[in-house]
Amino acid sequence: MAAKITAAQVKELRDKTSVGMMDAKKALVSTDGDMQKAIDELREKGIAKAAKKNDRIAAEGLAHIEISGNKAAVIEVNSETDFVSSNDKFKTLVNEIGKAVVENEPKTMDDALALKICDQTIQEAVTGLTAVIGEKITLRRFQVLDKTDSQVFGSYLHNGGLIAAVVILDGSDEQAAKDVAMHVAAINPRYIDRDHVPADVLAHEKEVMTEETKAEGKPEKIIPKIVEGRVNKFLSEISLADQEFVKDSDLTVQQFVESKNSKLVSYVRFEVGEGIEKAQENFAQEVMDQMK
């Protein structure tokens with residue numbers, strides 16, 4: 001006679017594995033209520049299923065920042081739904097990956113996936129959690145930043161990890177660095193300053209703006225002047241140094257930084273899912289509302 005499965009057993013198995021209620025109940029029924037056998041069965045079935053999930057798009061998840069001394073790691077770990085990103089096991093995995101990356105500074109994704117966390121590789125940990133949760137989980141990208149003793153990190157996580165931004169400033173004002181990181185999260189600059197805008201990007205914009213200005217019927221002799229003004233406006237929109245600072249629109253970011261006896265060095269911004277096939281959400285207004 002089959003063992004009677006209680007609600008308490010189902011809850012215990014779900015707490016241990018994070019699987020759905022019906023999956024937990026089926027596993028307990030098939031193993032006559034043996035908790036360990038049920039866990040093993042779910043893992044075995046899950047791992048088999050995980051191999052079939054490779055073509056799914058994992059576009060949700062969390063970005064995370066881990067700072068250790070003069071190193072900072074920014075990572076993005078994806079899941080298929082935002083529900084999973086609130087799972088404690090998923091958050092723990094993200095934190096452990098961040099620590100391993102900042103401590104070891106891997107050069108490639110293969111190097112990163114081979115790092116050890118909790119007596120297994122990151123790849124094994126990702127596969128195991130994919131099996132348990134039932135959704136594709138991936139370490140999508142990472143970047144490690146190094147600073148000197150005379151520089152400071154500023155970091156900011158929006159909504160617990162939907163956007164992560166890290167800034168390095170020459171100087172000692174950590175609050176200023178954090179303020180610039182919040183600006184980076186909100187405004188999403190493409191380059192640190194206009195000198196870093198690739199020549200082909202600038203040439204393309206000049207060409208497009210020249211044709212647009214001609215189409216507007218402007219006199220030929222003033223077109224170069226108009227285009228120059230429009231190019232400067234374009235550069236001020238995409239260059240961090242030239243952007244209006246979100247906390248004080250009377251200052252550019254560079255002017256704000258200089259007022260704190262500091263200098264922009266570099267920045268990194270990860271937005272969960274950017275570049276993946278999904279509709280992008282606009283977080284800028286939410287970030288700015290938080291900063292008021």
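Of the 292 residues of the protein, 45% count as buried, where buried means under 20% relative accessible area, exposed means over 50%, and partly exposed covers what lies in between, with a 1.4 Å probe and protein chains only. This is a predicted model, in which local features need pLDDT of at least 70 and side-chain atom pairs count only at pLDDT 80 or more, while totals for chains, interfaces and linings use all residues. Residues are numbered from 1 along each chain as its sequence is written, and side-chain values use heavy atoms, with hydrogens and water left out.

The protein has 11 helices and 10 strands; these are DSSP runs numbered from the N terminus, helices being H or I of at least four residues and strands being E of at least two. Among contacts (heavy atoms within 4.5 Å) between residues at least 6 apart in sequence, 62% join residues at least 24 apart.

**Strands and hairpins**

Two strands are said to pair if DSSP finds at least two bridges between them.

| Strands | Sense | Bridges | Facing residues |
|---|---|---|---|
| β1 (residues 60–68) and β2 | antiparallel | nine | Ser68 and Lys71 |
| β6 (residues 151–158) and β7 | antiparallel | eight | Phe153 and Ile168 |
| β7 and β10 (residues 263–271) | antiparallel | eight | Ala165 and Arg269 |

Strand β7, residues 163–170, thus pairs with β6 and also with β10, and seven of its eight residues are buried. Strands β6 and β7 form a hairpin with four residues between them, and Asn159 in that turn has a positive phi of about 55 degrees. The hairpin of β1 and β2 has two residues between its strands, and there Gly69 takes a positive phi near 60 degrees.

**Nonpolar cores**

In soluble globular proteins, nonpolar side chains tend to be buried together. A nonpolar core here is a set of buried Ala, Val, Leu, Ile, Met, Phe, Trp, Tyr and Cys residues joined through side-chain atoms within 4.5 Å. The largest such core has 24 residues, and those with the most contacts inside it are Ile97 and Ile122. The elements that contribute two or more residues to this core are β2 (71–79), α4 (88–104), α5 (109–113), α6 (122–133) and β5 (138–146), with α4 giving the most, namely seven residues. When its neighbours within four places in sequence are left aside, Ile122 is in contact with Ile97, Ala100, Ala112, Leu113, Leu115, Ile117 and Leu139. Apart from this core lies another, of 22 residues, among them Tyr156, Val184, Ile192 and Val253.

Val184 is also one of the buried residues of helix α7, which include Asp179 and His183 as well as Ala176, Ala177 and Val180. Helix α7 (residues 174–187) has 14 residues and reaches 20 Å from its first C-alpha to its last, close to the 20 Å expected at 1.5 Å a residue; the expected span is 1.5 Å times one less than the number of residues. Because 10 of its 14 residues are buried, α7 is largely enclosed by the rest of the structure.

**Aromatic rings**

Rings of Phe, Tyr and Trp (its six-membered ring) count as a pair if their centres lie within 6.5 Å, and planes under 30 degrees apart are stacked, over 60 edge-to-face and the rest tilted. By this rule the count comes to one aromatic pair. The rings of Phe245 and Phe256 have centres 4.2 Å apart and planes at 20 degrees, so the pair is stacked. Phe245 belongs to strand β8 (residues 244–245) and Phe256 to helix α10 (residues 253–259), 11 residues apart, and both Phe245 and Phe256 are buried.

A charge sits over a ring if NZ of Lys or CZ of Arg is within 6 Å of the ring centre and within 35 degrees of the ring normal. The charged end of Arg141 sits over the ring of Phe270 in this way, 4.0 Å from its centre.

**Loop residues**

Glu105, found in the loop between α4 and α5, has a positive phi of about 50 degrees although it is not a glycine. Cys118 lies in the loop between β3 (116–117) and β4 (120–121); its phi, near 50 degrees, is likewise positive in a residue other than glycine, and at 58% relative accessibility Cys118 counts as exposed. Glu135, in the loop between α6 and β5, counts as buried at 12% relative accessibility. The C-alpha atoms of Glu135 and Thr81 are separated by 8.0 Å, although the two residues are 54 apart along the chain.
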